[in-house]
Amino acid sequence: MTDEISKLKGDALLRIRDAQDESQLEELRIVFLGKKGSVSLKMRSLGKMSNDDKAKLGPVLNALKNDINQSISEKKRELRKQSIDERLKGEWIDVTQPSKERKWGTIHPVSQVTDEVVAIFSSLGFSVAEGPQIESDWYNFDALNIPPEHPARQEFDTFYIAGEQKSDRASNVLRTHTSPVQIRYMESNQMPCRIIAPGRVYRSDYDQTHTPMFHQVEGLAIDKNITMANLKWVLEEFCKAFFELEKVELRFRSSHFPFTEPSAEVDIKCSWDDGKLKVGEGSDWLEILGSGMVHPKVLEASGVDSTEYQGFAFGMGIDRIAMLKYGMPDLRSFFDNDLRWLHHYGFSTIDVPGLHSGISETAIKSTEI
Ligand code: PHE
């Protein structure tokens, strides 16, 4: 019997050693240790043996079972390692290979500058409001103190949209400015408020500095004691942060808008050296926005009590300040969809405007309004 056992052991260990994969190994486990396996059958035959034989063969068979088990698990480990090594060989990647060229898009300067403007004004406590681009002439004109016969209606080069049948008056327009958002906001919100409203506006005009669609940002701050001084401070802080300057000089030039009283157009100091524009220094002035104290009639048209509340408003061309900041000479190219232009003037997607990403820290330092 012991001879038989050592033969069995030799045979088992040899076959285990030569197993090619895990399934063969499992088959061998069943052949030797399964219910009807050769080792198990031998164990079962112990029952018919004498006590002496049992005491002699029992431990030998147990040791055999352990040895086979152990060599199976060792072989299993070895096979696993082998298969991982093989996979690693097959899946080897040459990380020094140049990667495939990918075309990246860019952020359009208008989007970038809008985000910059929003970041700066939100640090000054303004939130963003929006309104529709197709506007009724009441919101675009009447509510802003521009009645139908007012000459300012002509100045706006308005795109009219055919009105309802039976009426000879156009009822809708493509908004000519962002000022109607002031009315919509005041109508549906409690005062006080501090908002900006960036968006598209439309006027029938086309040359180097005008396109039929362009972008404005409206500003509106209403409270019980807001004055022109607040307007001046906010605009100065904005210009410092936006143009990344330590100091800016703004000029408030008396002007007229039907919806503000008094009204002022605001110029920023600049220079033209060798045909190159520099903002913030020099002896020239460049107009950047229109502003003023909101006209009491406008407050009343929006349901705000003008004996209790007052405030300032301004409207600024986003494309215009983008041209000034990034030196883009022709507004028309903004909307040509020319990839060469977009790649030249566009911004990287990771260049997210924020006061921390470098527009300017001055606005952070002076947010105590
Ligand atoms: N809405 C004016 C424009 O488009 C700008 C403006 C806004 C002026 C608010 C004063 C106050 O020209």
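The following conversation goes through a predicted model of a protein chain.

Q: Before we start, what kind of model is this, and how are residues numbered?
A: This is a predicted model, in which local features need pLDDT of at least 70, side-chain atom pairs count only at pLDDT 80 or more, and totals for chains, interfaces and linings use all residues. Residues are numbered from 1 along each chain as its sequence is written, and side-chain values use heavy atoms, with hydrogens and water left out.

Q: Which domains does the chain have?
A: The domain assignment gives domain 1 (2-87) and domain 2 (109-132 + 175-345 + 359-363). Such bounds come from an automatic or database domain assignment.

Q: How far apart are their centres?
A: Taken over C-alpha atoms, the centres of domain 1 and domain 2 are separated by 86 Å.

Q: Let's look at helix H2. Which of its residues are buried?
A: Leu25, Leu28, Phe32 and Leu33 are the buried residues of H2. Buried means under 20% relative accessible area, exposed means over 50%, and partly exposed lies in between (1.4 Å probe, protein chains only). Helices (H or I, at least four residues) and strands (E, at least two) are DSSP runs, numbered from the N terminus.

Q: Where do those buried residues fall, seen down the axis of H2?
A: They fall within an arc of 95°, so they line one face of the helix. The arc is that of the directions from the helix axis to the C-beta atoms.

Q: And what do they pack against?
A: The buried residues of H2 pack against helix H1 (2-18), helix H3 (38-45) and helix H4 (51-90). Contact here means heavy atoms within 4.5 Å.

Q: Which salt bridge involves arginine 29?
A: The side chain of arginine 29 meets that of glutamate 26 in a salt bridge, at 3.0 Å from N to O. A salt bridge is a side-chain nitrogen of Lys or Arg within 4 Å of a carboxyl oxygen of Asp or Glu. The two residues are three apart in helix H2, and are therefore separated by about one helical turn.

Q: How many salt bridges are there in the structure?
A: The structure holds 23 salt bridges.

Q: What does aspartate 67 pair with?
A: Aspartate 67 forms a salt bridge with lysine 9, and their closest N and O atoms are 3.0 Å apart. This pair links distant parts of the chain, since aspartate 67 is in helix H4 and lysine 9 is in helix H1, 58 residues apart. Aspartate 67 is partly exposed at 26% relative accessible area, and lysine 9 is partly exposed at 32%.

Q: What about aspartate 267: buried or exposed?
A: Aspartate 267 counts as buried, at 2% relative accessibility. Its salt bridge is with arginine 251, the closest N and O atoms being 2.9 Å apart. Arginine 251 is partly exposed, at 33%.

Q: Which residues are linked in a network of salt bridges?
A: Arg251, Arg253, Glu265, Asp267 and Glu287 are linked in such a network.

Q: New topic: where is the cis peptide bond to proline 192?
A: The bond runs from methionine 191 to proline 192, with omega near 0°. Proline 192 lies in the loop between helix H8 (180-188) and strand E5 (193-202).

Q: And what is the bond from glutamate 261 to proline 262 like?
A: That peptide bond is cis, with omega near -5°, and proline 262 is found in strand E8 (residues 260-273).
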